[in-house]
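Here's a quick briefing on a sheet and a pocket. Have a look at the structure first, then read on.

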Number of protein chains: 2
Amino acid sequence: MSVLIVGSTALDSIKTPKAENPRLLGGSASHAAVAASFFSPVKLVGVVGDDFPKRYIKLYKRHRIDLAGLQILPGKTFHWSGEYESNMNNRRTLLTELGVFETFTPTLPKTHQTAPFVLLANIAPALQNHVLNQMKRPKFVAADTMDLWLNIALPDLLKLLKRLDAFVLNDGEAHQLTKEDNVFAALKKIHKLGPRYVIIKKGSHGSILSGPQGFFICPAYPLHRVVDPTGAGDSFVGGMMGYLATANGSVDRNIRRAMIYGSVVASFCCEGFGLNRTTRIKRSHINQRVRDLVKLTTF
Amino acid sequence: MSVLIVGSTALDSIKTPKAENPRLLGGSASHAAVAASFFSPVKLVGVVGDDFPKRYIKLYKRHRIDLAGLQILPGKTFHWSGEYESNMNNRRTLLTELGVFETFTPTLPKTHQTAPFVLLANIAPALQNHVLNQMKRPKFVAADTMDLWLNIALPDLLKLLKRLDAFVLNDGEAHQLTKEDNVFAALKKIHKLGPRYVIIKKGSHGSILSGPQGFFICPAYPLHRVVDPTGAGDSFVGGMMGYLATANGSVDRNIRRAMIYGSVVASFCCEGFGLNRTTRIKRSHINQRVRDLVKLTTF
């Protein structure tokens, strides 16, 4: 089955202590779509300007991503620039140019409205709601978010939460949303806002699922060197949704393994700037790291 | 087989946002010894003053801890006082009164010198070396440490590292020792300092083992409420050593499961002030949480 993914499609200029890379393909939807494409057909919904490099269109196509929902409008593509500190955890935004993203209204082609799996990757919750309004009885809806929306669009986000099957956020955001320091106490409170599945991402410490079958402690794949963590969270949730969309059986049965696959795709994402590494791997590389993770966690 | 444990034996006055508890039984050796006692016979080596409450001697004895190596000297017991912030991760020391600990020289009774398993819990590395000098061909030696010794006694610690089978430290200390932000890069550097097994503790994020059979990602048991994390790291390493001392087969074969048991004892430690909760559990409670952890990590 296919996954519809809406989110930002951007050009990222990323600076780390070791290197600087201008205008990489980035954005939550780009990372999530490429990650999901290893497992299932993907329909991308987003907007870019007429400055968007053709090579990135080709990149999407190489991953067999359906671009019928990608608007190309006169103007500039969303451009984000950020800088990481040497520990690769703290980053600061240097520049945000919204460009055509400022007035983005996702309108779904008819073929997209019946996609069974929907990933509302990080984007304004009003737009996430707007996309969901156009969907016809999706089987499973997941959304990601970021701290910005908790600050400036909380009512929209709370409205969205009631409509989700799964909500994915990082530990800082979970604390901000619930005022709980304890991740398990936070999970309990977030369930009360709507979603049956809540996943808290903890970067290199892995992630935690809380769902109908209890908790799952999902490890991160061990990396000796992180080149650029931008998009790792999007890759995680994209890989997870892609896996869920093609796995046989219920979401309950598959979601743990789906998280493991997402975690592995995220590990590749961190090993290169932007999508440089993720776009160079094959499904067999992913499968190998999943087997590694079994060995790394068995006791 | 028995475990010899040397470290601090203290009275801890602990303040959290919710409560204040004066003069609890504490110290690295106390926590580690009680944790190990669930699995194997323990020989405690330490020093207390003549103000040391009789009820704490009784507590050790209830856990069948051999006290032949516990010196009771005229003077005051080591007293530490600390305060936790509401997130339970950041703590600051309010007071340190060394008392009889200031001139502590551990001298091992003959019966103790042949203990096959040795845990050098957190204490000055010169004293850890001094204890090791008295041991006769121990089967397995592990040591813990703290940031203080990295600052003021690094040469002693480096000398110790060459003599250890296993070294246990937390992620902040690993960074301080190696200057590596990445935990796996840090592990590699620490092996070069001596120990075959290196374990990095990450608090509520679990721990990582690096050993002859590769890495092991050890989860922390999920806790909805942390009352007092003091001694959790000591409980972890104590439980691990206790389990190793009685398990059949090689350390290589048992160390992962030993870490899981240590992790579970540490979880109980966090649920009460000082040793209040740990001293109220039975082996069956530990076994139940180990079974829970299997379910929480299976995919």
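Val47(B) has Gln71(B) of β5(B) as its bridge partner. That's part of the parallel pairing of β4 (residues 42–49) of chain B with β5(B), which runs over 7 bridges. This is a predicted model, where local features need pLDDT of at least 70, side-chain atom pairs count only at 80 or more, and totals for chains, interfaces and linings use all residues. Residues are numbered from 1 along each chain as its sequence is written, chains are lettered from A in the order written, and side-chain values use heavy atoms, leaving out hydrogens and water.

**The sheet in chain B**
- The open sheet has 9 strands with mixed pairing, in the order β5-β4-β1-β8-β9-β10-β11-β12-β13.
- Strands are DSSP runs of E, at least two residues, and helices are runs of H or I, at least four; two strands pair if DSSP finds at least two bridges between them.
- At the edges sit β5 (65–73) and β13 (214–218) of chain B, each pairing on one side only.

**A helix across the sheet**
- Helix α6 (residues 171–178) of chain B lies across β10 (166–170) and β11 (197–201) of chain B, at about 105° to β10(B).
- Angles run from 0 to 180 degrees between N-to-C directions, with axes fitted to C-alpha atoms, for helices over the stretch in contact (heavy atoms within 4.5 Å).

**Lining of the second largest pocket**
- α2(A) gives the largest share of this lining, 4 residues.
- β3 (20–26) and α2 (54–62) of chain A are the elements giving two or more residues.
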